[in-house]
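Here is a short report on one protein chain. Read it with the structure open beside you.

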Amino acid sequence: ASMNLGCMMTYSILGPFFPKEAEKKGASNTMIGMIFGCYALFELLASLVFGKYLVHIGAKFMFIAGMFVSGGVTILFGVLDQLPEGPIFIAMCFLVRIVDAIGFGAAITASSSILAKAFPNNVATVMGSLEVFSGLGLVAGPPLGGLLYQSFGYEVPFIFLGCIVLLMIPLNLYILPSYESDPGKQSFWKLVTLPKMGLLAFVIISLSSCFGFLDPTLSLFVMEKFSLSTGYVGLVFLGLSLSYAISSPLFGLLSDKMPTLRKWLLVFGNLITAGCYMLLGPVPLLHIKSQLWLLVLVLVVNGISAGMSIIPTFPEMLSCAYANGFEDSISTLGLVSGLFGAMWSVGAFMGPILGGFLCEKIGFEWAAAMQGLWTLLSGVSMALFYLWEDSTARRRSKAQNSLGTEEERAALLPNDT
């Protein structure tokens, strides 16, 4: 919980003021998007590597080391405004974000594995509850960052949050259990080539890219469209984060108590998210005037739909792995956690870069609508797969029942002797 809170605060703190600060230093919208996006690219690589070698490194050590690195480089990010504008500033932004991504990738991969091992029968409930702290981090990060930036300048938000993350390390050293396990024989390749796993990966990418899309684009759009200050921009982000934090535990509980409902939560969550991005601008085809209250309302609904679709994905991935012969061990949990983190990072990498580029070329309204097409496609794809899966299961059950009836009839017939 402390990792979710601290790391999400440090991640989300950039939204309200960093794009404006980077523009002053000579960075274009596309370059700002790449600075946001590189974090996700290297988190992707880190998640794959750390997921594979989780058992060798140790889940607890990986978690603590990741938090230490993430907290340290967050503090370093606070002194980047002292650098000269142009290539030097941009290069150092990339370097610090890359190291931060590696630390976060280690921490999130280890934490997901520890939780799934500690609470095997309530994975979705526990992860949904922890997403409260992720949501609170996303809630507190933008307004707190905006307030500290307005009051004390660029450095203080990063130094403050970096120190919070570092102070959480002793608590986690004392509380977290250590799990020992032998390395498993299964590979990432076998996991990702499962058809259902591939579709779930596409769902994660589409949802993550939607979140990533907002990082470099929403604050600039709100400032230009509604003439809001940096502090108020942080409050706009609050609508998305707070609704996500409140709804996640509910959807986690529903996913564990009613597993058959889990897949349809995932599908409808994606479809609702697609509608939200059509209305975010809104897209000019709808001929709806852009208003601040509508934007905030759409972000609130988007937070709920995100919880509806994100929370069921991890238990769905675990059940898919176990159904296809993967053993119930910390090694398998590391593989699934690494894959989940890697796919989330793919979307988080694509979202800011494509978002920054499309906003420059076609404007925020059309760019948001195009972003919504990703979740529309992933939602429809999962719906078709689940319908096919249910149909196949019914046919198989009917065939088995028919075979059993024939065997019973044969047993009851007298032998011709």
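A residue counts as buried when its relative accessible area is under 20%. Keep that cut-off in mind. The model shown here is a predicted one.

**A buried leucine**

Start with Leu-207. Its relative accessibility is 3%, so Leu-207 counts as buried. Leu-207 sits in helix H11, which covers residues 195–226. What does Leu-207 touch, leaving aside its neighbours within four places in sequence? Its contacts are Asn-270, Thr-273, Ser-309, Ile-310 and Thr-375. Trp-344 is another residue to look at. Leu-207 and Trp-344 are 137 residues apart in sequence. In space, their C-alpha atoms are 8.0 Å apart.

**Helix against helix**

Now follow H11 to a partner. Two packed helices are described by the angle and the distance between their axes. The axes of H11 and helix H14 (residues 292–310) come within 13 Å. They cross at roughly 170°. An angle over 145 degrees counts as roughly antiparallel, so H11 is roughly antiparallel to H14. Which residues of H11 make the contact? They are Leu-207, Phe-211, Leu-214, Leu-218, Val-222 and Phe-226. From H14 come Leu-292, Leu-295, Leu-299, Ala-306, Ser-309 and Ile-310. The residues of this contact divide into 11 nonpolar, one polar and no charged.

**Salt bridges**

Side chains of opposite charge can pair when their charged atoms come close. How many salt bridges does a search of the whole structure find? The search finds four. The table lists some of them.

| Pair | N to O distance |
|---|---|
| Glu-316 and Lys-196 | 3.3 Å |
| Lys-196 and Glu-389 | 4.0 Å |
| Lys-263 and Asp-390 | 2.8 Å |

Take the pair of Glu-316 and Lys-196, joined by a salt bridge. Glu-316 lies in helix H15 (residues 313–323) and Lys-196 in helix H11, so their pairing ties together parts that are 120 residues apart in sequence.

Glu-389 is partly exposed, with a relative accessible area of 26%.

The salt bridge of Lys-263 and Asp-390 comes next. Lys-263 is in helix H13 (residues 259–280) and Asp-390 is in H17, so the pair ties together parts 127 residues apart in sequence. Lys-263 counts as buried at 15% relative accessibility. Asp-390 is partly exposed at 22%. Salt bridges that share partners join Lys-196, Arg-262, Glu-316 and Glu-389 into one network.

**Cysteines**

A disulfide is a covalent bond between the sulfur atoms of two cysteines. How many disulfides does the model have, if the two sulfur atoms must be within 2.5 Å? The count comes to zero. Cys-276 shows the spacing. The nearest cysteine sulfur to that of Cys-276 belongs to Cys-210, and it is 9.5 Å away. That is beyond the cut-off of 2.5 Å, so Cys-276 is in no disulfide. Cys-276 is buried, with a relative accessible area of 5%. Cys-163, by its relative accessible area of 33%, is partly exposed.

Methods:
Residues are numbered from 1 along each chain as its sequence is written. This is a predicted model: local features need pLDDT of at least 70, side-chain atom pairs count only at pLDDT 80 or more; totals for chains, interfaces and linings use all residues. Side-chain values use heavy atoms; hydrogens and water are left out. Helices (H or I, at least four residues) and strands (E, at least two) are DSSP runs, numbered from the N terminus. Buried means under 20% relative accessible area, exposed over 50%, partly exposed in between (1.4 Å probe, protein chains only). Contact means heavy atoms within 4.5 Å. A salt bridge is a side-chain nitrogen of Lys or Arg within 4 Å of a carboxyl oxygen of Asp or Glu. Axes are lines fitted to C-alpha atoms, for helices over the stretch in contact, and angles run from 0 to 180 degrees between N-to-C directions. Angles under 35 degrees count as roughly parallel, over 145 as roughly antiparallel, 65 to 115 as roughly perpendicular and the rest as oblique. Ala, Val, Leu, Ile, Met, Phe, Trp, Tyr, Cys and Pro count as nonpolar, Asp, Glu, Lys and Arg as charged, and the others, Gly among them, as polar.
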